Amino acid sequence: MKIFKHALKFVFLLACFNLVAQERIINLNYNSTSGKLNTMFKECIGAGRANEGLRADWQQQLAITKKDCGFKYIRMHGLLTDDMAVYRVNEKGEAEYNYQYIDVLYDYILSIGMKPFVELGFMPSAMASGDQTVFWWKGNITPPKNYNDWGNLITNLTEHFTLRYGEEEVKTWYFEVWNEPNLKDGFWSGTQEEYFKLYDYAARAVKSVNPIYKVGGPATAGAAWVPETIEYCVANNTPIDFISTHDYGVKHGYLDESGTSGTILNKDTWSVSGKVIESRKQIAESAKPNLELHYTEWSSSYTPSDPIHDSYHQAAYILEKTKQVGTAANSMSYWVFTDIFEEAGPRFTPFHGGFGLLNTQGIKKPSYFAYSYLNKLGDIALKNSDSSSWVTKNSKGDIQLLMWDFTNTHPGDSVLNQTYYIKDLPSKPKGSVKIEVNDVPKGTYKLKMYKIGYKVNDPYSTYLSINKPNQLTKEQVKIINEKNNGEPILEEFIKIQKNKVFTKTFKINENDVFLITLEKQK
């Protein structure tokens with residue numbers, strides 16, 4: 001009997017311990033700051049290809065995304081492909097350049113307060129040494145027949161930008177040479193040596209127009225070729241102002257041209273972010289330790305057919321990885337802002353695991369809300385020991401707290417993302433969170449609480465609830481948007497007395513995201 005009583009007592013104490021352990025406390029002081037908030041998360045966003053940017057719906061979605069998420073630059077493939085009508089050779093054998101389509105696109109981007117992160121590629125077919133292409137829209141991936149012609153095109157294009165937009169504007173742009181040349185016969189049919197030659201001609205061409213203009217690369221998959229690129233540039237006195245590269249958070253592979261690959265979310269806690277930190281270390285240990293580092297593509301998965309992109313899990317994933325990166329990167333360009341994206345051809349269903357923050361109909365996914373929450377943060381960060389949150393304030397005295405739980409619930413290597421994340425995935429409880437902010441100035445504040453989670457700003461769950469129609473009616477789009485409208489789940493006025501602590505306790509589930517704002521009232 002005594003043994004039974006002791007066992008019962010042990011079980012009781014263990015249960016009590018677990019309850020205590022499940023309370024997460026975020027304790028802060030309003031006056032204890034760590035400096036200006038690092039906003040590398042909204043420096044750049046990706047898009048599929050340049051020609052898609054001529055569509056009205058693409059432009060409308062970009063304007064909304066800019067307004068809500070605050071992205072500064074946009075990068076895309078296909079600026080020089082044949083559907084942009086940039087280059088041809090006339091019957092006399094003379095090069096002819098045409099930038100009318102690029103002008104329409106770039107004029108629009110600048111008109112909404114964004115800037116181009118110029119990706120120089122792919123090869124115009126009239127200049128290409130072969131006919132090997134990638135994607136439904138057939139970007140030519142072969143080296144130029146004549147590298148002087150390639151250099152002349154880049155010089156002429158850069159001169160055109162300078163004439164149209166002005167030197168002071170173009171000084172703020174980035175010129176990136178090609179995309180993922182390390183994927184042999186994926187994005188580049190040539191060798192590493194041939195890529196470096198392509199880079200050399202392009203970099204010198206840009207700099208010949210203005211030595212202040214910024215050029216870089218190698219824009220590789222999987223964080224490859226970083227030391228080699230720097231070593232080549234040093235050895236050949238080739239200009240370079242920044243390193244760019246890419247990474248994704250799934251196991252195996254980097255390119256899914258047809259949109260049919262199976263993927264598995266990596267269980268490694270430091271997937272993606274660990275690569276970014278390593279890239280920064282490689283730069284720091286190189287002969288050019290002060291180069292900027294731009295991850296010009298990143299996400300959980302490299303395929304445009306991965307349902308994790310549509311899942312509420314993606315929001316917490318984005319925040320977790322971004323926080324882990326810290327100050328290692330100058331930008332982390334999420335791939336991409338919209339499902340108007342045709343690498344594998346036009347898609348036939350509204351939720352197909354597309355990369356976008358918005359789907360084709362402009363429905364905001366959980367990932368979109370995550371970036372909109374980041375954009376609501378203030379410009380001054382508070383000191384904070386919690387690894388899965390940011391707490392900030394602004395000049396008005398308002399406070400913003402963004403926190404999340406990221407739990408990788410993927411069952412493991414025996415199950416593909418394409419099987420797992422299409423399911424209805426209810427979240428499990430993860431205990432409670434207690435927020436404590438000391439020395440908040442006395443006054444009345446309007447508290448707003450926003451949430452992303454299972455069935456909260458989770459349009460895919462709503463889509464499942466209406467039986468996953470292959471085509472959405474206007475009424476169905478309206479229903480999904482109304483149920484996932486991004487509005488606060490709580491609004492109230494609170495009074496904070498002098499020397500009192502602001503506290504807030506609430507329950508949290510796996511992969512929940514919360515944004516709490518305190519707006520000081522006059």
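## Helix α2

In this predicted model, helix α2 covers residues 56-69, 14 residues in total. From its first C-alpha to its last the helix reaches 20 Å, close to the 20 Å expected at 1.5 Å a residue. Its buried residues are Trp58, Gln59, Gln61, Leu62, Thr65, Lys66 and Cys69. They cover an arc of only 160° around the axis, so they lie on the same side of α2. An α-helix has 3.6 residues a turn, so residues three or four places apart point the same way.

The cover over the buried residues of α2 includes β3 (44-49), β4 (73-77), α3 (100-111) and α10 (366-375). Gln60 and Lys67 are exposed and sit on the face turned away from the buried side. After α2 comes glycine 70, with a positive phi near 75°.

## The seven-stranded sheet

An open sheet of seven strands has the order β2-β15-β16-β17-β22-β19-β20, with antiparallel pairing. At its edges stand β2 (33-36) and β20 (490-496); each has a single partner strand, so one side of each is left without a neighbour in the sheet. From one strand to the next, the twist averages 25°.

Helix α9 (residues 313-325) packs on this sheet and touches β16, β17, β19 and β22. The direction of α9 makes about 110° with that of β17. Helix α10 also lies across β16, β17, β19 and β22, and runs at about 155° to β19.

Strand β17 (residues 399-404) is mostly covered, with six of its six residues buried. Ile399, Leu401 and Met403 point one way from the strand, while Gln400, Leu402 and Trp404 point the other way.

On one pairing, β17 is joined to β16 (residues 389-393) in the antiparallel sense over five bridges, and valine 391 stands opposite leucine 401. The hairpin of β16 and β17 has five residues between the strands, and glycine 397 there takes a positive phi near 90°. β17 also pairs with β22 (residues 513-520), again antiparallel, over six bridges. In this pairing leucine 401 stands opposite isoleucine 516. β22 in turn pairs with β19 (residues 443-452) in the antiparallel sense over eight bridges, where lysine 451 stands opposite phenylalanine 514 of β22.

## Aspartate 405

Aspartate 405 is placed in the loop between β17 and α11 (417-420). Its relative accessible area is 10%, so aspartate 405 counts as buried, the cut-off being under 20%. The side chain of aspartate 405 makes a polar contact with that of lysine 430, at 2.8 Å.

Leaving aside neighbours within four places in sequence, aspartate 405 is in contact with Arg24, Ala316, Lys430, Ile508, Asn509, Glu510, Asn511 and Asp512.

Strand β18 (residues 429-438) and β21 run antiparallel and are joined by seven bridges. Valine 437 has phenylalanine 502 of β21 as its bridge partner.

Terms used. Residues are numbered from 1 along each chain as its sequence is written. This is a predicted model: local features need pLDDT of at least 70, side-chain atom pairs count only at pLDDT 80 or more; totals for chains, interfaces and linings use all residues. Side-chain values use heavy atoms; hydrogens and water are left out. Two strands pair if DSSP finds at least two bridges between them. Helices (H or I, at least four residues) and strands (E, at least two) are DSSP runs, numbered from the N terminus. Buried means under 20% relative accessible area, exposed over 50%, partly exposed in between (1.4 Å probe, protein chains only). A polar contact is a pair of N or O atoms within 3.5 Å; within protein, one must be able to donate a hydrogen and the other to accept it, and residues adjacent in sequence count only if both atoms are side-chain atoms. Contact means heavy atoms within 4.5 Å. The expected span of a helix is 1.5 Å times one less than its number of residues. The arc is that of the directions from the helix axis to the C-beta atoms. Axes are lines fitted to C-alpha atoms, for helices over the stretch in contact, and angles run from 0 to 180 degrees between N-to-C directions.
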